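Student: Before we start, please show me the sequence and the model. I would like to go through the terms one by one.

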Amino acid sequence: MAVPTLRAEAAATLARGAVIPAHPLALTAERRIDERRQRALTRYYLDAGAGGIAIGVHTTQFEIRDPEHALLEPVLALAAEEMDAAAGADVVRIAGVAGGTSQAVAEAALARDLGYDAVLVSPRVAGADERALLERARAVGEVLPVVGFYLQTAIGGPVLDRDFWREFASIPAVVAVKAAPFDRYRTLELVRGVAASGRADEIALYTGNDDAIVADLLSEFHVDSPTGPRTLRFVGGLLGQWAVGTRAAVTLLERARQAMAGDADAYRELGLVASDMVDVNQAVFDPGNDFHGVIAGVHEMLRQQGLLDGIWCLDPAEGLSPGQAEEIARVRHAYPQLNDDAFIAEHIEAWLA
């Protein structure tokens, strides 16, 4: 069977590097999809300059797949409709897939039928070992190009070693990998594995380390490959953190490119903003409470900005930790250059229309 390939425009964007927000789920108080605000979120990301959208992923809530909700197809379809209406051909469309092999393949087929370019494969699969994860990725890769995902252990991700990532990156359908172990050593192991596969020139590295965005974008990894020493870099980010402050993220990524091209002022500027980004992330992601409020925190930032009506999650047990809303308000006011408040205020009526 032929290996699925990306559209030329999407491939160029992915390789160059882009801001790809992990799209949240807008709900009503009755925990039904709020279509108006769901569409508004997609419009916000596109108008902010995102180079892609990832939906059906952790930030969208894995529970959209539960039979009592059955929201996976409607959620993917709404985002696809908005991208059809407003996005350029160079915007990368990524759908998350989850579950065992049969479920993941079926979800990839749904994404293909809805016009998505690639799928992000969640490694959180009950009872699956490394061999099973690799076989699942190969099966999914017969349907659509694959984006790998190293998910942090705090929210259910497995520890995956260098050999795993070497084998994973050797799968011909793999076009990118998102590194989100929230661990510098494990991030390095992923990069080394990709380099060892011999396919580093064909695979775009994306940071998902929401607590180390600037560090990842400014890092050079000096690694071995089958053809000798290589230097690899993260070219962009696929992040839950970039579901907020998306326009600011586009500016940040461009400054990172300038810094790595030798712009000393850009490098110094990013050095100063790096800890500010971590401060914003700790408020939104709630690491002090083992990430209990991670999804609700994204919702709360968007609620304070007017894009969401509430912070409801499909799981009623998910919500903010004590004091988290106040922390989010604090970082919004402390770092206006990172929060998009003015940009959202200018355009929100049109997005909600």
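Tutor: Buried means under 20% relative accessible area, exposed over 50%, and partly exposed in between, with a 1.4 Å probe and protein chains only. This is a predicted model, in which local features need pLDDT of at least 70, side-chain atom pairs count only at pLDDT 80 or more, and totals for chains, interfaces and linings use all residues. Residues are numbered from 1 along each chain as its sequence is written, and side-chain values use heavy atoms, with hydrogens and water left out.

Student: Why is A212 called buried?

Tutor: Its relative accessible area is 11%, and the cut-off is under 20%, so A212 counts as buried. A212 lies in the loop between β7 (204–207) and α8 (213–217); helices (H or I, at least four residues) and strands (E, at least two) are DSSP runs, numbered from the N terminus.

Student: What makes Q241 buried?

Tutor: Q241 has 2% relative accessibility, so Q241 counts as buried. Q241 is in the loop between β10 (236–239) and α9 (246–260).

Student: What makes the pair Q241 and N281 a polar contact?

Tutor: A polar contact is a pair of N or O atoms within 3.5 Å; within protein, one must be able to donate a hydrogen and the other to accept it, and residues adjacent in sequence count only if both atoms are side-chain atoms. The side chains of Q241 and N281 are joined at 2.9 Å.

Student: Why are α10 and α12 called roughly antiparallel?

Tutor: The axes of α10 (residues 264–285) and α12 (residues 324–334) cross at roughly 155 degrees. Angles under 35 degrees count as roughly parallel, over 145 as roughly antiparallel, 65 to 115 as roughly perpendicular and the rest as oblique, so α10 and α12 are roughly antiparallel.

Technical notes
Axes fitted to C-alpha atoms, helices over the stretch in contact; angles between N-to-C directions.
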